[in-house]
Amino acid sequence: MGTIDDHLTDLDAADRAVIDGVYAIATEEVPEAEQGKGYGMPALVYYGKPLLSVMRAKKHIGVYPFSPAAVAAIAGFLDGHPGVSLDKGTIRFQPEHPLPVEAVRALIRARVSQIEAG
């Protein structure tokens with residue numbers, strides 16, 4: 001897989017807008033993050049560590065912060081949000097129900113704290 005920009009190019013407009021929106025929030029929170037890879041996926045990278053990957057899967061959009069603890073840290077933000085499921089290190093949602101902005105911000109902050117502490 002290539003860069004985030006390459007991944008976005010191959011998506012339909014609706015998915016691209018939702019995924020790009022998550023990345024926009026992440027780069028607003030961490031402007032020094034760069035495009036790279038994490039576990040072979042296009043990702044934002046911070047201090048050489050994967051920060052976040054957002055990808056279209058067959059039945060959902062997946063957010064991968066490369067940290068089960070970061071996912072757990074924002075579970076409360078997503079309680080009752082339609083179409084969201086959490087798994088170890090993964091947040092899945094439907095494009096018609098994008099993640100709340102504050103949940104994305106909290107996720108990014110949690111992951112940045114881990115990277116900076118590690």
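This briefing describes a predicted model, with its sheet, the helices packed on that sheet and some individual residues. Six strands form an open antiparallel sheet in the order β1-β2-β3-β4-β6-β5, and helix α2 lies across β2, β3, β4 and β6. Because the model is predicted, local features need pLDDT of at least 70 and side-chain atom pairs count only at pLDDT 80 or more, whereas totals for chains, interfaces and linings use all residues. Residues are numbered from 1 along each chain as its sequence is written, and side-chain values use heavy atoms, with hydrogens and water left out.

**The sheet**

- Helices (H or I, at least four residues) and strands (E, at least two) are DSSP runs numbered from the N terminus, and two strands pair if DSSP finds at least two bridges between them.
- In the sheet order β1-β2-β3-β4-β6-β5, the edges are held by β1 (34-38) and β5 (85-87), each of which has a single partner strand, so one side of each is left without a neighbour in the sheet.
- Neighbouring strands of this sheet are turned by 25° against each other on average, direction ignored, where axes are lines fitted to C-alpha atoms (for helices over the stretch in contact) and angles run from 0 to 180 degrees between N-to-C directions.
- Strands β3 and β4 pair in the antiparallel sense over four bridges, and Met55 stands opposite Gly62 in β4.

**Helices on the sheet**

- Helix α2 runs at about 165° to β3 as it lies across β2, β3, β4 and β6, while α5 packs on the sheet, touching β2, β3, β4 and β6, with its direction making about 150° with that of β3.
- The 17 residues of helix α2 (residues 13-29) should span 24 Å at 1.5 Å a residue, and the end C-alpha atoms are 24 Å apart, which agrees; the expected span is 1.5 Å times one less than the number of residues.
- Buried residues of α2 (under 20% relative accessible area, with exposed meaning over 50% and partly exposed in between, for a 1.4 Å probe and protein chains only) are Asp15, Val18, Ile19, Val22, Tyr23, Ile25 and Ala26.
- What covers them includes α1 (4-9), β2 (41-46), β3 (49-56), β4 (61-64), β6 (90-93) and α5 (101-117), with contact meaning heavy atoms within 4.5 Å.
- On the face of α2 turned away from its buried side are the exposed residues Ala13, Ala14, Ala17 and Glu28.
- The N-terminal end of α2 is capped by Asp12, a side-chain oxygen of which lies 3.1 Å from the backbone nitrogen of Ala14.

**Loop residues with positive phi**

- Tyr47, in the loop between β2 and β3, has a phi near 50°, a positive value in a residue other than glycine, and counts as exposed at 64% relative accessibility.
- Phe66, found in the loop between β4 and α3 (68-73), has a positive phi of about 60° although it is not a glycine, and Phe66 is buried, with a relative accessible area of 16%.

**Residues in the edge strands**

- Lys37 lies in strand β1 and is partly exposed, with a relative accessible area of 46%.
- Ser85 lies in strand β5, counts as partly exposed at 31% relative accessibility and, leaving aside its neighbours within four places in sequence, is in contact with Thr90, Ile91 and Arg92.

Conventions:
Polar contact = N/O pair within 3.5 Å; in protein donor to acceptor, adjacent residues only side chain to side chain.
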